[in-house]
Amino acid sequence: MTRKGKGKYVGGKPKFKKNWQEESPVKAKKHLGQHFLTDEGVAYDIGNTLSLQGYKNVIEIGPGTGVLTKHLLKQEMDLVALDLDTESIAYLKTNFSLEHPELQQRKGTFKVIEADFLKYNIEELFGKEQFAITGNFPYNISTQIVFKMLEMREQVPEFSGMFQKEVAERICAKEGNKIYGILSVLTQAFYTAEYLFTVEPNVFNPPPKVQSGVLRLTRKENLKLDCSVPMLFKVVKAAFGLRRKTLRNSLKPFALSDNLKEDVIFGKRPEQLTVADFIALTKKIENDTV
């Protein structure tokens, strides 16, 4: 089966039997926020969200029982699976490869590392090379994963995976929406965000109490913004910190000049501003003189 563009295949999607797995090879741990995906069709769809155009390195965060991992490994990539769960790491290094001997003939490397993505020095894996990030992300740290990815944006052309539905929707939300916020603006300043599809709780073991959502982020060609990036982060966080207030009130800590505060933009609330508006606002604040 041949890839034809992002997530599209000549010949269509293969059919999978429903896999309502009663006995998981790895026990899900509540303190790690684990809910293991058991549906092969959903895993296939997530595994094919990356284009692999211009890079071959991929990090999978939270591989768990390897249901997504095996669909990633069917593609020509150098995959590194990172997980904090010792039991999951042991399974992926031993029984997983025995259960899927066909993957041993693939092109590309596969490494399994017991590590916390949020603390791990990714430069040890790929140096300065480009890499994508994917996974069924633990919901309790999914927002932190996005912020760390943004810090490494110059090396991450694509990012995809599964979040709690409301978080995925928030990342992809546009201005004027009540869920539009910090994550939306800061992510979309550098990436094009697409909400791809919703996943129901009954395809997980154990089932979460919420729906899940899969998204894809594709890095914009021009990463250089017309303002200071650290200042943009500060302005966006301050604005949405008091989201019901106008910017004239929420941005008081920036000690703006009276002249600048007369700008019509300061009479608006943060959810009314586009990403481009926030960039322009940040530039105005940087150039402000009392």
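**Figure 1. The largest pocket has a volume of about 420 Å³.** Its lining comprises 28 residues, of which Leu 32, Gln 34, Gly 62, Asn 136 and Pro 138 are the closest to the centre. Strands β3 (36-37) and β5 (78-83) are the elements that give two or more residues to this lining. A pocket is an open set of points on a 1 Å grid over the protein atoms alone, where a 1.4 Å probe fits, with protein on both sides within 12 Å along at least five of seven lines; lining residues have an atom within 4 Å of a point. The volume is the space filled by probe spheres set on the points, which are joined across faces, edges and corners. The model is predicted: local features need pLDDT of at least 70, side-chain atom pairs count only at pLDDT 80 or more, and totals for chains, interfaces and linings use all residues. Residues are numbered from 1 along each chain as its sequence is written, and side-chain values use heavy atoms, without hydrogens and water.

**Figure 2. Charged ends over rings.** The charged end of Arg 153 sits over the Phe 190 ring, 4.3 Å from its centre, and that of Lys 237 over the Phe 147 ring at 5.5 Å. The criterion is NZ of Lys or CZ of Arg within 6 Å of the ring centre and within 35 degrees of the ring normal.

Notes:
Helices (H or I, at least four residues) and strands (E, at least two) are DSSP runs, numbered from the N terminus.
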